[in-house]
Amino acid sequence: MSTNGSVIRIIIDGKEYLSRSGVYLIDVARENRIFIPTLCNISGVKPRGACRMCTVSVNGRYMTACTTPVSEGMEIKTNTPDLHDLRKAILEIMFVEGNHICPVCEKSGNCDLQALAYRFQILVPRFPYSFPKRTIDAENPLLVKDHNRCILCKRCIRTIKDEQGRSFFAFRKRGHKLEISIAHHLKDHLNKEIAQRAVDVCPTGALLKKESGYNIPISERKYERTPIGSEIESLKQSVIGDQ
Amino acid sequence: MKDLFPDTADELEIGEIAYQDTMIDTVNAIIKKYDHNPTRLMDILIDTQSEFGYIPPPIVAQISRTLNISIVDIEQTLSFYHFFSAKPTGKYTIYLNNSVIANMMGREEVARTLEREAGCKFGDVSADGLIGLFSTSCIGMSDQEPAALINGKVFTRLTPFRVKEIIRDLKAGKRLDEAVVEGLGDGANAQPEIRSMVQNNIRKKGPILADGYKAGEALKKIVKMKPEDVIAEVKLSNIRGRGGAGFPTGMKWEICRNAPGEEKYIFCNADEGEPGTFKDRVILTEYPKMLMEGMAVAGYAVGAKKGILYVRYEYTYLQQHLESIIEGGRKKNYLGKNICGKEGFDFDIRIQFGAGAYVCGEESALIESAEGKRGEPRDRPPFPVESGYLEKPTIVNNVETLCSIVKIINHGAPWYRSMGTKESSGTKLLSISGDCKYPGVYEIEWGFSVNDVLEMVGASDVQAVQVGGPSGTLIGPNEFNRTLSYTDLSTGGSLIIFDKRRDLLKDVVMNFLNFFIDESCGSCSTCRNIPVFLRQKLEKILNARGVQKDIEEMLEWSKILKASRCGLGLTAANPVVTSIKNFRSLYDKKIQHGKDYDSNFDMLIAVKESCDAVGRVPQMS
Amino acid sequence: MERKKTIVATASLAGCFGCHMSLLDIDERILSLIDLVDFNKSPINDIKNFTEYCDIGIIEGSCCNSENVHALKEFRKNCRILISLGECAIMGGVPAMRNGIPIRECIEEAYMNSPSVKGHNPEMILPNDPELPMLLDRVYPCHEIVKIDYFLPGCPPRADLIYSALEALITGNEMKLPYEIVKYD
């Protein structure tokens with residue numbers, strides 16, 4: 001195995017690329033203008049592989065691109081018909097698992113989950129809607145947590161801590177009862193800046209800021225005209241060494 | 001089942017052990033015992049739960065303050081494990097196993113009797129706070145079901161009559177010990193440290209279970225060898241992991257030995273949770289010295305000084321026994337410093353108990369759990385051998401693997417390879433349960449056919465065999481000539497036998513689906529949901545509302561689980577997939593033919609609530 | 001020779017009629033559509049009952065009561081192709097926000113407790129006339145009641161999406177789905 005940082009060759013979708021070993025596959029792909037969909041990954045934050053959207057085939061095995069560091073000789077397929085359908089299915093799972101009523105959601109048009117569904121042109125999920133009974137937690141003075149829209153991607157859990165490193169968010173229970181709880185006892189430590197960050201990392205409308213809303217006019221929303229991922233696909237090719 | 005983790009504090013009904021300020025002192029002492037170390041949160045919670053019977057919010061807040069971690073970080077662990085509770089679960093907490101085998105052996109009647117005698121439903125606590133009734137996944141007693149845990153004590157072969165007696169005794173104020181009247185089990189089960197009614201049921205002994213094992217023999221041998229040579233011997237034996245996954249043990253050790261870092265760990269995975277498996281229980285009871293010697297050998301080979309024996313909560317009745325064996329090992333210098341006089345060979349073991357989570361049998365989830373966290377499997381790479389417990393290189397080996405290693409060291413790799421088949425060397429312990437005359441533990445050489453096994457255990461009129469537990473394969477008679485080996489029917493050793501009386505779909509497949517739904521950690525979107533969808537489909541089919549398309553969709557949807565992180569998610573649809581593959585006619589018999597769509601919608605059910613609300617009889621047209 | 005016109009029926013179940021508005025939003029293309037299509041039972045022409053077997057049934061709205069279920073089944077019986085039009089038909093939509101709230105609570109809120117009725121229903125009467133449809137335990141997407149052939153999402157679905165779908169169905173050409181026209185709001 002090559003040591004981390006050395007220049008290696010990998011094959012993505014039949015084309016050879018140079019990269020540095022140890023870099024996460026999803027980042028290598030992004031640098032090379034290949035979009036691999038994800039809902040839980042945040043560049044620069046330790047990955048978790050929670051949403052499974054970035055599943056790719058690595059030497060014939062399915063692995064998540066966000067948690068897999070590249071190494072010499074890897075053969076990666078990012079978009080076979082099977083992977084395409086798998087991702088579509090995962091998105092559909094998320095839509096039926098929660099209560100995603102886009103017409104009444106402030107995040108509509110700027111929501112990553114919805115944008116991916118647009119990109120995959122999901123017209124109806126293949127799974128039955130579960131209409132779970134979920135609550136809205138508005139106890140925090142700055143934030144609203146709408147559990148109906150939470151896809152349990154763990155982004156808020158992984159990124160939002162207080163000055164002592166204590167968690168504001170954590171998982172609670174397990175399996176299909178899994179949910180995210182909020183540390184209300186730390187509310188004095190959650191300032192406006194942290195609250196904004198929490199809202200920004202949330203891929204759906206599950207975390208929203210209080211006392212403001214619908215700031216972006218309908219025609220100017222993020223995914224109105226351009227599909228999610230096109231910003232990556234249109235990037236200029238990066239040069240090795242720039243990373 | 002009633003939620004043990006209420007959403008709001010108002011839902012808490014404080015029972016017989018009301019929250020008191022003195023509890024704070026107790027919990028402070030517990031936290032001190034674990035050096036205020038947040039990675040020992042599991043132990044802190046286990047001790048707290050066992051002290052009070054539940055862990056109420058003020059206690060959680062106190063642990064949070066003392067360890068300076070967020071309340072939600074404590075709750076995430078607390079709410080993950082089945083045997084932790086945020087509210088009182090009764091002075092006597094009864095966990096009745098709900099595995100498929102328990103059901104086959106008469107659980108239903110036992111459960112109804114329990115409810116009647118205790119005066120409360122499952123998921124609830126009796127009004128006087130005396131008895132709490134709960135269901136739990138397989139507790140490792142499949143050879144003596146129906147079985148239950150009462151305050152951690154195992155009660156096996158329950159009957160309605162016995163249940164009446166037990167509840168009567170508990171109501172009369174007798175101690176739990178006094179409620180055990182059948183006498184004690186065989187072997188070490190009867191010893192003072194265990195005093196349990198559990199039977200070993202060892203039916204066939206091979207080289208591992210053979211009599212005449214002398215503790216320390218392997219250690220005395222290896223201290224004269226270089227660690228590399230120990231690994232070479234293990235590699236030569238060709239032994240593969242006995243937990244089910246079958247990774248070559250020697251290779252695992254070698255990678256760990258070569259991994260950079262001074263501090264390394266040896267874990268023994270004694271979290272056997274696969275329904276139908278109980279062979280590790282027997283080893284922990286009868287051969288714990290061999291197991292710990294195996295851990296020390298592993299420690300010597302890879303250069304680890306610390307071992308952690310991770311034991312499932314269901315086996316806490318063996319705690320004293322295991323601790324006294326460890327203490328005995330230290331006295332004999334088989335554990336501790338300069339083991340067997342070898343300068344620098346230090347190795348010691350601590351026991352880590354789980355708290356009820358099947359997924360912790362997955363090695364990285366087991367490590368997470370031992371670090372005080374939720375048992376969520378990690379993303380790999382890195383593998384535990386590179387970065388495991390506390391991010392140090394870590395070996396996780398199965399109980400049986402470590403015992404086999406001791407025998408390999410004692411008798412040599414060629415001896416070991418002379419048993420079994422070319423690709424699957426040595427022997428395997430089988431946990432046999434279900435419809436047969438002699439359920440129990442059998443040590444066989446790899447290469448036995450299922451037919452051989454069925455003959456051996458006295459099974460007749462067999463409809464199907466579940467090989468490898470719910471995550472394995474359901475096979476029918478036309479496959480009983482297949483052999484148990486890594487190249488054919490690979491198994492962690494559980495074989496559950498179903499005769500022709502059993503309804504495979506209703507009793508078996510549905511039970512296994514419920515098991516996976518209950519035990520999913522929930523981290524992957526796939527594993528959290530697909531088994532729930534499959535259950536809906538199977539319910540529809542069992543209700544005679546299914547159509548051909550439902551079967552096809554079950555197979556299609558099952559494939560989505562391949563995007564899951566760990567073995568649980570990857571195999572969670574196996575009950576459905578293998579039963580459709582091998583018992584298709586059972587499904588075909590239940591579905592509606594000549595119909596391509598059925599919504600499963602039922603108007604009478606759908607309007608019931610609103611009609612009740614306004615006091616109206618539904619008019620169907 | 002005159003080509004036989006495609007017969008279309010439409011219905012609005014638990015919805016807001018927004019999808020029907022969007023259908024009318026295809027502007028002047030409605031004229032070319034009229035050349036190809038005859039409407040049977042539909043709120044657009046106020047035909048109350050099916051008079052013949054239809055080629056296409058378009059359903060707006062979800063099923064929230066027994067009457068909706070009845071109407072939907074009627075459409076399934078009388079239409080070769082059934083389309084779920086809009087979020088409510090596809091996934092329950094806004095009406096489905098009541099799913100998860102006990103039905104008794106919904107009814108009491110509507111007839112006893114909400115500000116607009118409070119004090120106006122002193123006898124606390126809950127409507128119970130046999131003529132009234134019965135509320136379902138939850139709001140059901142249409143395809144969870146009957147088989148639905150096509151789904152056109154949006155709230156409302158873009159007029160272009162509706163037109164594109166109808167054109168494809170009538171002409172037999174493949175449907176065009178540019179990015180901009182598949183939206184959920």
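Modeller: Happy to! Let us start with a definition: a helix axis is a line fitted to C-alpha atoms over the stretch in contact, and angles run from 0 to 180 degrees between N-to-C directions. Please keep in mind that this is a predicted model.

Biologist: Thanks. What describes two packed helices?

Modeller: Two packed helices are described by the angle between their axes and the distance between the axes. Here, the axes of H12(B) and H16(B), the helix of residues 399-411 in chain B, come within 9 Å and cross at roughly 50 degrees.

Biologist: Which residues of H12(B) and H16(B) meet?

Modeller: From H12(B) come Lys279(B), Asp280(B), Ile283(B) and Leu284(B), and they meet Val399(B), Glu400(B) and Cys403(B) of H16(B). Sorted by class, this contact has 4 nonpolar and 3 charged residues, with no polar ones.

Biologist: Now to a single residue. Where is Gly273(B)?

Modeller: Gly273(B) sits in the loop between strand E7 (265-270) and helix H12 (279-286) of chain B.

Biologist: What makes Gly273(B) count as buried or exposed?

Modeller: Count its neighbours: a residue with 20 or more other C-beta atoms within 10 Å is buried. Gly273(B) has 23 C-beta neighbours inside 10 Å, and therefore it counts as buried.

Biologist: Which residues does Gly273(B) touch, leaving out those up to four places away in sequence?

Modeller: Those are Ser137(B), Cys138(B), Arg312(B), Tyr358(B) and Gly361(B). As for Cys360(B), it is 87 residues from Gly273(B) in sequence, while their C-alpha atoms are 8.6 Å apart in space.

Biologist: And between chains, how many residues of chain A are in contact with chain B?

Modeller: 35 residues of chain A are in contact with 32 residues of chain B. On the side of chain A, H2(A) gives the most, with 6 residues. That side divides into 18 nonpolar, 10 polar and 7 charged residues.

Terms used:
Residues numbered from 1 in each chain as written. Chains lettered and ligands numbered in written order. Predicted model: local features only at pLDDT ≥ 70, side-chain atom pairs only at ≥ 80, totals over all residues. Helix = DSSP H or I, 4+ residues; strand = E, 2+ residues; numbered from the N terminus. Buried ≥ 20, exposed ≤ 12 C-beta atoms within 10 Å, placed from the backbone. Contact = placed C-beta atoms within 7 Å. Nonpolar A, V, L, I, M, F, W, Y, C, P; charged D, E, K, R; others polar.
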